[in-house]
Structures are given as C-alpha cells and as structure tokens.
Amino acid sequence: MMTSDQVRKAFLDFFKEKGHKIIPSSPLIPRGDPTLLLTSAGMVQVKPYFLGEEVPPSPRLASCQKCFRTSDLTEVGDAGHLTFFEMLGNFSVGDYFKREAIGWAWEFVTERLKLKPERLWATIFLDDDESFGYWREVGVPEERILRFGEEDNYWGPAGDSGPCGPCSELHYDFGEEFGCGKSSCRPNCACGRFSEIWNLVFTQYDQDREGNRSLLAKPNIDTGMGLERTAAVIQGKTNVYDTDLFVPLIDKIAGLSGRKYGADEATDNAMRVVVEHSRGIAFLIADGVLPGNEGRGYVLRRVLRRTSLFGRRLGLEKPFIDNIAEVAIELMGHVYPELKQRRDFILQVIEDEETRFGATLSTGLELLDDIVAEAARTGKKEISGERAFKLYDTYGFPVELTREIAADRGFSVDLDGFENEMGRQKEKAHAAHKFKVKAGGGEVGAQGNLEPTSFVGHGSLSFKSKIVSLAVANKPADKIEKGQEANLILECTPFYGEMGGQVGDTGQIRGHDGLFEVINTIQVPPGIIVHQGKVVEGSLSVGDEVEAVVETERRLDIARNHTATHLLQMALRRVLGEHIQQRGSLVAPHRLRFDFSHLRALSAKQIAGVNRIVNEQIRRNLRVYDEEIPYKEAIEAGAIALFDEKYGDTVRVLKIGEPFISAELCGGTHVSATGEIGLFHIISESSIGSGLRRIEAVTGRGAEQYFDERLTDLERIAKTLGSSPEEARDKVSGLAGELEQERKQRLALERELAKKTAESLLAQAEVIKGINVLVAKVPSSRLEILREMSDFLRDRLLSAIVVLGTVYEDKPAFLAAVTPDLVAKGYDAGKIVKQVAAVTGGGGGGRPNLAQAGGRDKKKLDQALKLVKSLI
C-alpha cells in the first residue's frame with residue numbers, strides 16, 4: 001500500500017519522465033492576480049503562461065500545489081470535502097493536447113498506482129467526441145464513458161476570468177455495496193460510491209469578467225488530481241480522514257477531547273471539521289495570511305472560529321487548535337519546509353486568535369440562544385440582520401457561522417439586513433479616510449514592442465547607450481526638446497527602475513545635442529526600465545547615442561539602506577525567531593522602512609539587541625556579493641525569498657559574509673562591504689495591522705543627520721534648563737518630580753474646595769413630586785472632582801437626583817447621579833445627562849446611577865441645567 005508521500009513522488013517522477021519540468025508549489029496568496037482571494041487550483045500559477053503574459057520555463061510543467069477553497073466550507077466533515085488540499089497537476093502550454101493527457105492519465109493510474117481498470121470510469125463533455133475516442137483507445141469500455149453538461153464537465157476560470165474549457169474526469173468505483181442501490185447509480189451520483197480522482201481540463205478558451213469566451217492562440221492542458229482522494233483510493237479507504245494524511249490528527253483530537261472516533265456520526269463530524277480546518281489554518285498562516293476582518297484575513301478568522309465552535313461540541317472549552325496544528329506541521333513539514341520554519345509564529349497566531357474569540361464565544365452563544373428563542377416565541381423563522389450584525393460586531397461571530405448555527409435549528413438569517421448594517425458601519429469608519437488611488441506604472445507611451453532593458457547598474461554608475469523610445473504625455477515621440485517632460489527608454493542602462501521596495505535612480509542622460517534630467521526611474525512589464533524627467537538643454541531623438549550617468553551620492557545612500565534591510569531581517573530573525581517574514585519595504589536615500597510579520601511590539605531590549613547585531617556586522621566590514629544560481633538550489637541553501645514574489649529558474653542571490661550570515665533573493669543595488677554602511681539606528685517601531693510590525697531606520701549620512709539633530713535638541717534643552725547636556729536628564733527628572741508634587745497639592749486643594757462647595761449646595765436641594773432634586777452650576781472642576789462632589793451629595797441627601805454643571809477647559813461638562821431607590825423607580829442618570837448636554841450641542845451617557853457628558857457651547861450651560869426639573 002502506497003503512502004501519500006509515495007503517491008506525490010510517483011506523480012512528479014512520472015511526469016518528469018514525460019519531459020515535464022517540476023515547478024514548486026506557489027504560496028496560498030496568489031501573486032499578481034486581483035481576481036483571486038486564495039490559490040484555489042494548480043492552474044493558478046501557470047495562468048500567465050496560458051494567457052501569453054509570461055514565457056513558461058518549459059511548455060510541459062507539473063507540480064504539487066497547495067490549494068485552499070471556501071466554497072465547500074460547510075460541507076467539510078463528510079467523506080471528501082476539504083478547504084485545504086494538495087493538487088497534483090500536469091500542464092501543457094501549447095504543446096500536447098487531449099490524446100497525450102488522456103493516455104498518460106490512464107498509464108499513471110493503471111501502471112504506476114496499480115488501480116484496477118474495471119474500477120475506473122471516465123466522464124466527458126456532451127459533444128466531446130474526440131475525448132470519447134481517446135478513452136476508447138486506452139481501453140475504457142463504451143458503457144463506462146459518460147457524457148455530462150457544463151455543470152459537471154466544463155471547467156470555468158480560477159476566479160471571475162481566465163482560461164477555461166471542457167473537461168474529462170476519471171472516477172473510481174468503490175463497488176455497489178457502497179452505493180445507493182439505484183440502477184441509475186453512476187459517477188456524479190451523490191451516494192459516495194464513486195470518487196472523482198482526476199480532472200483533465202482541455203483549456204481552449206479565455207473567459208472575461210462578463211462571461212464572454214474567445215479561443216486561446218494555442219490550446220492548453222490543465223489537470224488536477226486531488227492527493228487526498230487518490231490516497232484514500234490507493235489505501236483502500238472510502239474516507240479521506242482514514243488516510244495517513246489525517247489519522248495522526250484524528251488521534252490527537254480524540255486524545256484531547258477524550259472522545260472515541262467512530263462512536264457516533266455527530267462526534268465524528270466535529271472531529272473531522274476540527275482536524276481539517278486546523279491543518280488548513282497552519283498552511284494559511286505559514287504563507288502569510290493573518291486573522292482580520294477583510295479578504296484573506298477574514299477567511300482565516302472565519303475558519304479558525306468555526307474550528308473553535310466545533311471544538312466546543314467536543315467539550316473543549318480551552319484553546320486547543322494549536323495542538324492539532326502542531327501535529328499537522330510535523331506531518332507535512334518535510335514536504336513544505338515553511339511550516340517548520342514558521343512553526344512558533346503559526347502556533348502563537350492561533351493561540352492569540354483562539355483566546356481572543358474564546359473570551360466572547362460563550363456569551364455570544366448564549367445571546368444566539370436567546371435570539372433564537374425569542375424568534376421562536378414570536379413565530380419568526382428568520383434572525384434579523386441587526387441581531388446577526390451585533391453577534392459579529394460585539395462577539396466576533398462571522399455571519400456565516402451564525403447562519404450555520406441557525407440553520408441547524410431551523411432558522412435563516414437576513415443577510416441583506418446584515419450587509420446593510422455592515423455598510424453603515426464601514427461608511428462611518430471610512431468617512432474620514434477618503435483618498436484617491438494612484439495607478440502604478442501605467443502607460444508610458446513606449447514605441448513598438450520593446451525588449452526588456454538590460455540593466456548594467458550593479459557594476460557601473462555611468463554607461464554609454466542608445467535611445468530606443470521616447471514619449472511625451474504618454475504618446476510616442478521621435479524627438480524631445482528643451483522644457484519638455486518625457487519618458488525615455490534606453491537599450492541598456494545603469495539606472496535602477498523602482499522595484500522590490502527600492503526607489504528609482506535619478507541623474508542625467510547626456511547626448512551630443514541635449515541633456516535630459518532624470519527625476520525618477522520605474523520598471524514596467526516586461527522588464528522595461530523607463531527614465532522619467534525633463535530636457536534641460538537642447539534636444540534628444542530616438543536612435544541617439546548617449547551617456548547615462550546615475551547620481552552617485554544618492555545611489556550610495558540607497559545602497560547603504562538596502563544592504564541594511566538585509567542585515568535588519570537577519571537580526572530580527574536572531575532576536576525574535578525564524579517566523580519573521582518580510583511583508584513590505586521602502587529603500588530610499590534618507591531612510592529605510594521594513595514591514596514584517598510579528599504579533600507583538602518589540603521591547604526596548606529587543607530593539608537594542610537588533611541595533612547591536614546590525615552594527616556589529618557593519619563593523620566587521622563583511623563582503624557583500626551576489627551569485628546567479630538555480631532557484632531550487634538557492635532555496636535549499638537557505639536563501640530567503642519573498643513569500644508573494646514569483647521567480648524564474650535562475651535567481652540573483654545577495655549574500656553577506658563568507659560563510660554568509662544573510663542570503664536573500666534580490667535584484668536591488670547594494671554596497672560592496674558592510675563597513676560602507678557606517679552606522680545603523682532604528683528610529684521607530686510600530687504596528688501597521690494585526691500581526692504586522694514596521695521598523696524605520698537610518699544609516700550612513702541619514703544616521704549622521706539624525707544624531708546631529710538629536711544632539712542639537714539636547715543642547716538646546718540643556719541650555720533652557722541651565723545645565724550641561726550630561727546633567728539634563730537628572731534636571732528634567734527633578735523638575736518632573738516637582739511638577740508631580742505641585743499637581744498633587746493642587747488636587748488636594750481642589751478636593752477641599754469641592755467639599756466646601758458641596759456642603760453649601762445642600763441647602764439648594766428642592767423637592768419635586770416627592771423627590772429630592774439638586775441642580776447646580778459649580779466652579780471649574782475636572783470630572784473626577786465632580787464625581788466626588790456627587791458622591792458626597794448623594795450620601796448626605798440619601799435619596800436624590802443630583803445634576804452638576806461646570807466649565808472645564810473652556811467647554812461645558814455635566815455629571816448626573818441618581819440614588820439606588822430612584823433608579824429602581826425608573827430614573828436614569830444616563831438619559832438625563834444626555835438630554836441636558838444636547839442643549840449645549842454635546843452628548844454623553846453612562847449607567848443609570850452615574851453618567852457624564854460634555855458640550856460645545858458654554859454660554860448655554862445655565863439653559864441646559866434649567867431643563868433638569870422639567871425632565872424629572
């Protein structure tokens with residue numbers, strides 16, 4: 001019996017023998033595809049090849065791709081539905097087509113996997129006679145080749161647009177004893193007798209977002225064999241959870257919960273949901289997805305919280321998901337090393353998110369019980385959108401989770417109402433954050449089909465070249481003259497085009513008849529470097545021989561900062577752990593910015609440690625050098641790659657030190673030795689989102705300027721204090737102590753004055769309808785003093801409503817207090833103070849016994865206080 005590891009290897013080895021290049025799995029976060037939330041099929045990473053947008057490394061490709069789909073989320077727990085799965089696939093980019101795809105599929109399953117031919121059925125698209133003929137060629141009997149329509153045998157694009165076409169599927173027959181017993185039982189019957197193990201998609205069309213299809217220049221092959229389902233068939237199981245991919249996970253959840261797998265269907269279903277989701281959660285986090293309220297982050301949060309809910313059904317009240325994920329990491333880490341590399345980070349993210357949700361889960365479930373009970377009493381079968389939104393907004397229940405729980409009890413959820421509530425909240429949240437999106441790159445008005453620009457700037461800052469394209473206002477031009485702003489493209493250039501976080505170069509392009517000032521350099525597909533600037537002398541024409549000269553000092557500042565970001569990432573990994581992943585960067589002349597995955601703010605000690613490590617490597621004056629080697633070799637040697645970047649077969653690896661202390665895949669410009677950086681210093685560390693941190697730092701001349709400014713500030717402060725810079729800290733500490741003492745004395749005097757004021761107010765209390773009411777304007781006081789005054793007055797009056805008003809920091813402020821006996825009669829301090837403050841253009845609220853509010857117009861303070869009696 002083959003293990004799942006052996007099935008995976010057998011597939012890749014087989015297609016390697018057939019001339020396919022084996023490509024590694026891409027991350028679950030798709031690169032550069034706005035139509036996709038997550039990588040949902042093996043075809044995702046080859047889609048640009050099918051569309052002709054990129055040149056494939058080989059016309060024949062094969063992979064084992066990590067995939068994640070949420071379309072079947074609520075079905076997870078049955079025999080075959082999964083969110084995360086591995087897709088074995090072979091692809092032809094305009095090379096072979098149906099005959100080879102069908103022939104090799106049959107050869108692999110019958111000869112390599114040793115599946116019995118009589119157990120295999122094929123399905124084809126309604127009018128696909130060509131595929132019918134090829135299945136007959138390999139020996140499949142006519143009665144085991146079935147035709148189906150678009151719903152079953154037509155493969156749409158991965159997302160809302162892209163390559164698509166008819167498909168043919170291979171189904172495995174477990175036998176009549178596993179079926180429904182109907183004479184019509186065939187592949188695609190939902191009874192479970194048949195399992196689809198391989199889908200051969202004959203990609204012939206490109207579908208746009210409106211659903212229109214056009215023929216591709218060359219038809220392609222895109223196949224997908226689900227590893228989990230195939231392993232189940234090979235291992236003689238009818239359920240993927242009984243395979244070696246899941247049994248260790250099932251054993252773990254059984255041990256944690258004290259429940260026996262196989263005892264009853266409800267328990268089994270909950271266990272399967274927990275282990276399937278936990279596995280997928282680990283992979284999502286490993287590939288850079290973090291819990292959030294939008295997009296991929298929301299998918300992860302929803303799945304994680306669903307897992308927590310099903311854990312409750314197994315009696316697991318405390319966080320447990322990290323325990324299951326840890327087993328998944330051990331089980332799959334040898335195939336996907338990112339799991340082991342980011343193990344601690346994955347487990348920490350899970351623990352934090354589960355703990356956060358666990359704090360509100362019980363309360364939320366109780367509220368949902370109450371909502372359902374109330375709806376049942378009133379004869380309703382639908383939970384309002386407003387209630388569903390409260391569960392989401394206050395208790396963290398994804399609406400899909402609420403809908404699922406409600407459906408189990410026979411109720412629906414008003415999703416339109418929920419979306420309306422969500423829309424209102426977003427409008428409020430974004431009202432103050434309106435901005436315009438600036439298109440990156442955009443059209444540059446290039447002439448004709450240009451070849452990628454040859455970049456020679458790693459070894460030289462000036463280079464003789466030829467102008468191959470000019471554009472003014474993004475329209476092609478043959479000549480540009482003094483005063484004109486233009487885009488200029490050279491045959492080869494030492495100018496670095498903005499990419500990978502590094503800003504573009506500036507400088508000059510000098511011709512015999514003119515001078516072009518380069519104010520920015522960008523890079524646009526397919527690798528064309530565009531010089532943006534202005535003609536400051538004479539004129540330049542297409543075909544002119546020119547000299548391109550990069551601004552040296554600025555480039556060196558950028559290089560210092562870029563090499564420093566590599567040292568920074570190395571130091572962060574040493575101090576914080578190997579889970580650190582770069583999530584963005586900015587390498588500019590004056591500073592660097594580095595965004596990375598980490599859950600908590602760095603302590604002062606950790607920041608100091610990072611600073612120390614980086615500066616130690618700078619003082620060592622380590623050699624900085626690059627190598628061009630195969631991608632696979634680079635990764636195996638320990639080079640760091642950006643998680644969402646796509647690389648070619650050969651990559652440039654930037655190394656620091658011999659043996660290296662840092663190795664990253666990088667195309668940017670760098671110093672030749674770390675000593676050239678001079679000095680590195682972190683100037684800020686902050687949060688930019690859930691699980692994301694940002695460090696800003698300076699090096700070289702930027703660091704020199706930073707410390708000059710700080711020392712100048714210190715000298716000025718010292719001069720103001722009448723001390724030396726060395727004594728300034730002690731002097732400031734002494735002054736702060738004196739000010740604190742003065743504050744305490746002032747507060748004591750205010751309290752004493754407030755007490756006397758309160759005693760004088762007792763006589764002003766009136767009786768309205770048998771209730772003691774005290775309304776008064778008091779001298780300027782902070783709210784904590786007003787609270788103490790109200791406490792004193794309530795204690796002395798025993799039963800009363802007290803409303804005090806004052807002007808503090810030039811604005812009206814109010815405080816209302818109601819004794820317990822009157823609260824019991826329905827009097828509410830919160831409602832009273834809210835209406836009073838409204839007179840002054842303000843608002844507020846609080847508890848029925850004590851509430852406070854603020855206003856805007858201090859001139860209306862007296863008018864507001866007069867309202868109290870009528871309210872009571």
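**Second largest pocket**

By class, the second largest pocket is lined by 22 nonpolar, 18 polar and 10 charged residues. The model is a predicted one.

Volume and lining
- The volume of the second largest pocket is about 1,500 Å³.
- Its lining consists of 50 residues, and those nearest the centre of the pocket are Asp 72, Gly 80, His 81, Glu 196 and Arg 229.
- Two or more lining residues come from each of the strands E3 (84-92), E6 (154-155), E7 (162-173), E8 (194-207) and E9 (213-226), and from each of the helices H5 (150-153) and H6 (227-234).
- Strand E8 gives the most to this lining, with 7 residues.

Packing of H8 and H12
- Helix H8 (residues 265-286) packs with helix H12 (residues 343-377) at an angle of about 115 degrees, and the two axes are 9 Å apart.
- The crossing of H8 and H12 is right-handed.
- On the H8 side, Ile 281, Ala 282, Ile 285 and Ala 286 take part in the contact; they meet Phe 345, Ile 346, Val 349 and Ile 350 of H12.
- The contact of H8 with H12 has 8 nonpolar residues, with no polar and no charged ones.

Helix H13 and its end
- Helix H13 spans residues 385-395, and its buried residues include Gly 385, Ala 388, Phe 389, Leu 391, Tyr 392 and Tyr 395.

Methods: Residues are numbered from 1 along each chain as its sequence is written. This is a predicted model: local features need pLDDT of at least 70, side-chain atom pairs count only at pLDDT 80 or more; totals for chains, interfaces and linings use all residues. Side-chain values use heavy atoms; hydrogens and water are left out. Buried means under 20% relative accessible area, exposed over 50%, partly exposed in between (1.4 Å probe, protein chains only). Helices (H or I, at least four residues) and strands (E, at least two) are DSSP runs, numbered from the N terminus. On a 1 Å grid over the protein atoms alone, a cavity is a set of points where a 1.4 Å probe fits but cannot get out, and a pocket is an open set with protein on both sides within 12 Å along at least five of seven lines; lining residues have an atom within 4 Å of a point. Grid points are joined across faces, edges and corners, and a volume is the space filled by probe spheres set on the points. Ala, Val, Leu, Ile, Met, Phe, Trp, Tyr, Cys and Pro count as nonpolar, Asp, Glu, Lys and Arg as charged, and the others, Gly among them, as polar. Axes are lines fitted to C-alpha atoms, for helices over the stretch in contact, and angles run from 0 to 180 degrees between N-to-C directions. A crossing is left-handed if the near helix is turned anticlockwise from the far one by less than a right angle, and right-handed if clockwise. Contact means heavy atoms within 4.5 Å.
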